[in-house]
Amino acid sequence: MAGRSPGLTGWLARRTSTQLAAAMGVLAALALSGSLLVTGAAVRMDQREKAALAALDDYSAMVTKLGSETSLSADQLTEGDAAWLSAWLSAFQDGPARDARTLEETCRTGRGGAGVRFIRAPVGKPAGLAALETARGERAGRLGEDVYVVRLDRGVLCPSRAVEAVVVRRSFGALDIAVGRVVDRSGDAWGWAVAAVIGTGLLLLVIGLAAAAVARRRLTAAVADVSRALDRAAVGDFSLRAPETALAPELTELTGQVNRTLDRLDELLSWLRDSADQLAHDFRTPLARAAVRLERLRATATTPEARTLIDEARSDLAQISRSMNEAMALRDGEAWVFESVRLDQLAAQAAELYQPLADERGVSIRVDGEPVAVLGVRSLLQRAVTNLVDNAVKFSPDAGVVTLTAGLRDGRPMLSVADQGPGFTAVERPEAHAPGEARESHGMGLAFVRAILKRHGASMTVDDACPGAVVTARFSR
């Protein structure tokens, strides 16, 4: 038993409340059905005992009425005696008891109680129902000595139905006597028991199914409220909370924990936004000053080497400003609006945007796309794709080829950008570095792309194109 408990616990844990409630209703109905069978067997045995007692009374009454006639031995009985016994049995067939039903009533209604008789004398023809002697029966010793339960098929006693009879088979003098009573098939007690059990079973089944339906609706509504709050938080909107007093009491603790988590996240994100705003403010002023001073310095530069160094410094400042702006864009999550975005269209737009720049070095941009859409923020996905294309064009050799592919792969939307540049070694790949430690080859671009894709529930992989690199974004929705 100890080894089975975890398996049973695990199986129960995988079942929903609706399934468990429905199972309880079905089990209750099965239990009542089992009790119905047990009750039926008990009532059946009670009816057989009543029939056996009545048959034994009939036998005693017959023996008493036969009296001295049965003292005749087998060699003393004549054909006339046998004829008289037959006539007497016919007169006695309706049964000596006043409460006994007639055969006609038993055959018409199926109710028991009618008496059946059979007498065989050493001479002459037997009288009564011969099947009482020839039918194979089950000995019922607990009902009495020489008592049998006999099934009489349709047409044997009743033309339209089969009946069951309890028969006493004994010899009295030279006579073989079989006296029986038809067993009541149902009886009033059995009928009431069946009605009560069936009614209770149906009531429990209906209650179980209704409870399952109510539990399912209640849990579904409560989970939907929690999911709605989490979905809104996933896009940066922390204004919605799950109901503290949930529709389902069993989820009240969960909704409270979810709300506390959302409150904490909102607090942390507010702190990050404030810190980012302050950091951006602190950086923008020095960067602007540095840009102005470089402009002045370039105006006074006298050598080409100095002007080149100044231009490179200005380019570095522009890159820092761009990276800061991109980080600020990721920070502004409350402004994100998720919609259906076509990846093939984003690829085509990025190719069109960078083709003039690529033409200056003879680089061609090819787009191999099929219609495929994902759920996301259009502006962020546009930035991610343009960053990938910008890197691919930048590091492609002269007359190289940049290939953009959009479509479905293994049933999931994907977009990849392949170039013919220097590529990455296993150590140089961005995923081999900690955040913020990406190599200069693709710089902040891939880190920014990875952050956007992660926000959209997508993954990014970098593979070797031999030569070059293939950056692939795989989406889950």
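User: How many salt bridges does a search of the whole structure find?
Analyst: This is a predicted model, in which local features need pLDDT of at least 70 and side-chain atom pairs count only at pLDDT 80 or more, while totals for chains, interfaces and linings use all residues. Residues are numbered from 1 along each chain as its sequence is written, and side-chain values use heavy atoms, with hydrogens and water left out. A salt bridge here is a side-chain nitrogen of Lys or Arg within 4 Å of a carboxyl oxygen of Asp or Glu. Searching the whole structure that way, the number of salt bridges is 16.

User: Which parts does the salt bridge between D58 and R181 tie together, and how many residues apart are they in sequence?
Analyst: The two side chains meet at 2.7 Å, N to O. Helices (H or I, at least four residues) and strands (E, at least two) are DSSP runs, numbered from the N terminus. D58 sits in helix α2 (residues 17-66) and R181 in strand β6 (residues 175-182), so the pair links parts whose separation in sequence is 123 residues.

User: Are D58 and R181 buried or exposed?
Analyst: Buried means under 20% relative accessible area, exposed over 50%, and partly exposed in between (1.4 Å probe, protein chains only). D58 comes in at 2%, and R181 has 7% relative accessibility. That makes D58 buried, and R181 is likewise counted as buried.

User: What about R151 in its salt bridge with D153: is R151 buried or exposed?
Analyst: R151 and D153 meet through their side chains at 3.5 Å, N to O. D153 has a relative accessible area of 45%, which is partly exposed. R151, at 56%, counts as exposed.

User: Which helix holds both R228 and D225?
Analyst: These two form a salt bridge, with the closest N and O atoms 2.8 Å apart. They're three residues apart, about one turn of the helix. R228 is partly exposed at 42% relative accessibility. The helix in question is α6 (residues 187-234).

User: Which ring does R169 lie over?
Analyst: A charge sits over a ring if NZ of Lys or CZ of Arg is within 6 Å of the ring centre and within 35 degrees of the ring normal. R170 passes with Y59, at 5.5 Å from the ring centre. R169 is 4.8 Å from the centre of its ring, and that ring belongs to Y148.

User: Where in the protein chain is confidence lowest?
Analyst: pLDDT is the predictor's confidence in each residue, from 0 to 100. The chain averages 76, with 75% of the residues scoring at least 70. Strand β11 (residues 412-418) is the highest element at a mean of 92, whereas the lowest, at 62, is helix α1 (residues 5-13).

User: How far does helix α10 reach from its first C-alpha to its last?
Analyst: Helix α10 (residues 378-395) has 18 residues, and its buried residues include L380, L381, A384 and V385. The expected span is 1.5 Å times one less than the number of residues. The expectation is 26 Å, and the helix comes close to it, reaching 26 Å.
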